[in-house]
Amino acid sequence: MRGTLAAPLPALAPALSPCCFGAEVAEPGLGPLKGTGTAATYRVYLGTRGEAAQAGLTMAKQLQARRLDGIDHNPWVEFVKLASEHDVVNLGQGFPDFPPPDFAVKAFQHAVSGDFMLNQYTKAFVIIIEPFFDCYEPMTVMAGGRPVFVPLKPGPIQNGELGSSSNWQLDSMELASKFTSRTKALVLNTPNNPLGKVFSREELELVASLCQQHDVVCITDEVYQWMVYDGHRHISIASLPGMWERTLTIGSAGKTFSATGWKVGWVLGPDHIMKHLRTVHQNSIFHCPTQSQAAVAESFEREQLLFGQPSSYFVQFPQAMQRCRDHMIRSLQSVGLKPVIPQGSYFLVTDISDFKRKMPDLPGAMDEPYDRRFVKWMIKNKGLVAIPVSIFYSVPHQKHFDHYIRFCFVKDEATLQAMDEKLRKWKAEL
Amino acid sequence: MFLAQRSLCFPSGRAKFLKTISSSKILGFSVSAKMSLKFTNAKRIEGLDSNMWIEFTKLAADPSVVNLGQGFPDISPPTYVKEELSKIAAIDSLNQYTRGFGHPSLVKALSYLYEKLYQKQIDSNKEILVTVGAYGSLFNTVQALIDEGDEVILIVPFYDCYEPMVRMAGATPVFIPLRSKPVDGKRWSSSDWTLDPQELESKFNSKTKAIILNTPHNPLGKVYNKEELQVIADLCIKYDTLCISDEVYEWLVYSGNKHLKIATFPGMWERTITIGSAGKTFSVTGWKLGWSIGPNHLIKHLQTVQQNTIYTCATPLQEALAQAFWIDIKRMDDPECYFNSLPKELEVKRDRIVHLLESVGLKPIVPDGGYFIIADVSLLDPDLSDMKNNEPYDYKFVKWMTKHKKLSAIPVSAFCNSETKSQFEKFVRFCFIKKDSTLDAAEEIIKAWSVQKS
C-alpha cells in the first residue's frame, strides 16, 4: 500500500460502558433488524470466460447448517440495546461494575509483563469455557438434543413477608416423571441464576438418586459457588456418593475473581467423560489464552494460602455482596417491588404481580409476556434496567412466570446509590 | 474445593424428599452394565480423539530438545504489543464482558485495516467476527455453514484440524494433493507445487459445499498466485460453493511474492469467509484471537454459533490487540511497521535454514511465505528399527530425531489424509520463527549429524 493515510485516525476508543455489549445477535428475535437492507442483493458481473452474468447471493442449496435452525434468536438483544439507548442505571446484565480484587489484577499484570513466552501457546486441555444460563437450551438444540424442562416453583409465603429462594422447589414426582430411558443428561445450576437458590443437600440427593437410577450424566453449572450468603453452604453434587463418575462440574474465573472479561472457565470430572470434552476442545478452539490462565492460577494460589481465613477473597467478597443484596432488597420495596431473598449468586428476582394488576396494559407485541413489557417500560420511564425472568424459562412455561424481573446487585456502591436516586423519583411519582 | 457441609435447614418439604430417596435406594444401583452405553460419546466426535499435536508437543517438552516443531515464535513479540496489554490489565471496565461478536475498538481497527486491503467498505459489526484464535473462526465457519452430507474439498497437505472439523460437522472431506513440477537442478520452491486444474474440477460436484484454501500455506509455504486463485474462484462460482480462506500468515510473504485475497476476486466476496490471526500477525499465539471477515449473510451464521458456544472473547486481550493494530496501521509504509519488519526478519532466518539444510545434502522446499520449511530428510537415513512399525516414515523419523538428536520437528504426513500420507512421508517440517540461539543450536545438531554420517 502506497501513499499516506487520507483521514486522521479515530481517537483511542474510550472504555465503553459494557451495557451495550451483547446487544447484537446474529438474528435478533423480535422483528426485522432495523437498518439492514433485508436480503441485500449483491449483483455482480461474472467476468469469467467473457460471459457477463448476474448472480444473486442465494445458493441453490441451503446456506447455513441445519443445526442452527431455531437457535439464531437470542433474548438479550432487546434489553441490552434498550439499556444503551436510555439514561439508565444498569442492573440488568450480570457483571460487576467494580474492579477485580487487586491481587487478581496484579496477577494478570504479572502474567502479561513477565515471561514473554506466556505470549505463546500453552499446553492444551486446561480449561473449557461455559457462558450464561439462558444458553443451555440452544446449546442442547444445536447438538441435536432435546430439552425437557422441569420448573422450580415458589411455595406460599406469609402476607407481609418476603419470600426466599429456598422456597422455590422442584416437585419430586414431577421431576421423577421427566426421566425416561432416553434421558442422557441433567443440567443443574447451583447457586441458581436468576433465583439465587442454593440447592440443599436433600434436594441434591434427590437429583443424585434419580441420575443414578436412570444412569444419567449430571452437568452442574457452579459458577457462583463462592457467592453464598447468610451462612449457606454450597454443596457440589459431584461430592455425593455415586456421583463423581457421572458428573461434570463447571466453574468460572470471571465470577470467582470478578473478572468476567478474562473468559476463563473450567470443567472437572472423571477422565472417561472428560476425554470426550477434550476431543471437542482440540477440534474447536484448541487452546485458551495463556496469560489469562496464568493470572487465574496465580490468583488461586493466593487464595489457597488464605482459604477459610477472614482475609480470603472468597470470604470477603460474598460478605460485601451480601450487604449490596440487603441494600437492594430494602430499596426495591419502596416502590412496591417484592424481592425474593436469594441464598446465593449475583442476582435476585422481584415479584411484580402488583404492577401487573395495576398496569396490565403496558405497550408491547401481541402475546409478549408481561415482564418483558414491564422491563421496557421501566427502562424508558424509570431509568432502571432489569432482566425479565420469563427469558429464563422454556417457551410453553413463560406465561406462568411473567411476573418476575431479575436485578443484579453485584455493583459498585455508587451504582446502588444511583439506583436509590431513581427509586426515590419513582416513589414520588406513585 | 467441595464444601460438603450441611446447608441451613428449611423445614418445608424435607420429609418428602427423604421419603423419595429411601424408596429409590431400594431399587439399587446395579446400573454398571447400562452405564457404558449412556456414557459413550456423541457420534459427531467418533474417531476424532487422536491429535498429533499432543504427541509431538509432549515429546518436544523436554527442555534439552531444540524445538522447531510446533509453530510458535520463541522470539519476543514487539515491545509495544506487550506494553499495551500490561497497561490495559489495570483498566477496570476492561476486565469485564465485552461485545460478543468482537470488542468495538478491535473490530473498528480490523475494518479500518482490511477496508484498505479489500478496497471495499467492511461493516465492523456485521462483516467481522472475533473468535478464539483462527481455530475458533474455522470452527464457527464449519459449524455454521457445513451440514451433514456436505462435501468439503481439502488441499493436501492441509493444516491438520480441517479434516476433523469437517467430519465433526458430519460432512465428508474430499482431498486433492498439491503436486510438484520437476525441478531439474534449480532450487526447489513452494511455487513448484501446484494443483492440476482438471483434477481439481473433478472433485467438485453438486454436494460440494465449500473448499478450504490456505494461503500462505502451512506446511509448504506456498503463496497462491493470481492465476491459481482464479482457477479456484472460477470453480467456486461455477459449482456455487463457498470458499473458506485461511490467511493467518498473510503478512509473512517473502521477496518477489504478494499475498492475494481470493475474496477480492470478482464474484467471490459474497461466498468467501477469510480468516486471520493475531497470534501470527503479532507473534502472540497465546493470546488466541482470530477473526472472520465476510458478507453479513455468511457472518451472521458464524455469529449464531458464537452466541451458542463461547459467546464472547477475552476483553483485555482484544483491547490490547486493537491498540497494537492502531500503532502499526499508522505507519504501514514504514519499515518499522511490524507487518513489514517481521517478514524481513523472517526472510533472513528462512535463507539461513535453507542454506543449512542444503549444506548437509537435504532438499528443502524454499517457502515463498509462512514460517515453515519442509525438507526431504531421507538422505540422513537413521536407523529407525526401534521405532513403532505401523507409523509413517516421517513420524518415526521425527520421534527418533527428538529422542536421539534432541531436535524436534513435525512430520508432514500429519498434514495428509490416510491415502496421501505415503506421498509426503519423507518430508519433515521445520519452524523457523525462532531466535538466533535456537537456530544456532539446530545448526550445530544438523551439522554434527551429517559429519557423523560421512
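Is B:Leu178 buried or exposed? Let's keep that one open for a moment and get our bearings first. What you're looking at is a predicted model, so everything below describes a prediction.

Start with chain B as a whole. If you boxed up its C-alpha atoms along the principal axes, you'd need a box of roughly 85 × 60 × 50 Å. Of the 454 residues in chain B, 65% count as buried. The accessible surface of this chain is about 16,600 Å², and carbon and sulfur atoms own 54% of that. As for charge, chain B carries 54 positive and 52 negative side chains, with the centres of the two sets 8 Å apart.

How does the chain connect up with itself? Take the contacts in chain B between residues at least 6 apart in sequence: 72% of them join residues at least 24 apart.

Now chain A. Here the count is 12 helices and 14 strands. Of its 430 residues, 57% count as buried. Its accessible surface comes to about 18,700 Å², with 55% belonging to carbon and sulfur atoms. Among chain A contacts between residues at least 6 apart in sequence, 72% link residues at least 24 apart.

B:Leu178 sits in the loop between strand E4 (172-177) and strand E5 (179-180) of chain B. Its relative accessible area is 1%, and buried means under 20%, so B:Leu178 is buried. What surrounds it? Setting aside neighbours within four places in sequence, the contacts of B:Leu178 include B:Ile155, B:Val156, B:Pro157, B:Trp193, B:Leu195, B:Leu220, B:Tyr224 and B:Phe424.

B:Val156 and B:Pro157 are joined by a cis peptide bond, with omega about -5°. B:Pro157 itself belongs to the loop between strand E3 (151-156) and helix H7 (162-168) of chain B. There's another cis bond to find in this chain, running from B:Thr215 to B:Pro216, with omega near -10°. To locate B:Pro216, go to the loop between strand E7 (208-214) and helix H9 (226-238) of chain B.

Next, a couple of helices. Helix H13 of chain B covers residues 338-359, which is 22 residues, and it reaches 31 Å from its first C-alpha to its last, close to the 32 Å expected at 1.5 Å a residue. Which of its residues are buried? Among them are B:Tyr338, B:Phe339, B:Leu342, B:Leu346, B:Ile353 and B:Leu357, along with B:Glu347, B:Lys349 and B:Arg350. B:Ser359 also has its place in H13 of chain B, but this serine is partly exposed, with a relative accessible area of 43%. B:Ser359 and B:Ser450 are 91 residues apart in sequence, yet 9.2 Å apart in space, C-alpha to C-alpha. Just after H13(B), B:Gly361 takes a positive phi of about 85°.

Helix H4 of chain B (residues 79-89) is mostly covered, with 8 of its 11 residues buried. The buried residues of H4(B) include B:Tyr80, B:Val81, B:Leu85 and B:Ile88, and also B:Lys82 and B:Glu84.

A:Ser345 has phi near 75°, a positive value in a residue other than glycine. Look for A:Ser345 in the loop between strand E10 (338-340) and strand E11 (347-351) of chain A. With a relative accessible area of 0%, A:Ser345 is buried. Over in chain B, B:Gln119 has a positive phi of about 55° although it is not a glycine. B:Gln119 lies in the loop between helix H5 (104-118) and strand E2 (128-131) of chain B. Is B:Gln119 buried or exposed? Its relative accessible area is 70%, so B:Gln119 is exposed.

Terms used
Residues numbered from 1 in each chain as written. Chains lettered and ligands numbered in written order. Predicted model: local features only at pLDDT ≥ 70, side-chain atom pairs only at ≥ 80, totals over all residues. Heavy atoms only, no water. Buried < 20%, exposed > 50% of the residue type's maximum accessible area, 1.4 Å probe, protein only. Contact = heavy atoms within 4.5 Å. Areas by Shrake-Rupley, 256 points an atom, 1.4 Å probe, with all protein chains shown as cover. Lys, Arg positive; Asp, Glu negative; His and termini not counted. Charge placed at Lys NZ, Arg CZ, Asp CG, Glu CD. Helix = DSSP H or I, 4+ residues; strand = E, 2+ residues; numbered from the N terminus. Expected span 1.5 Å × (residues − 1).
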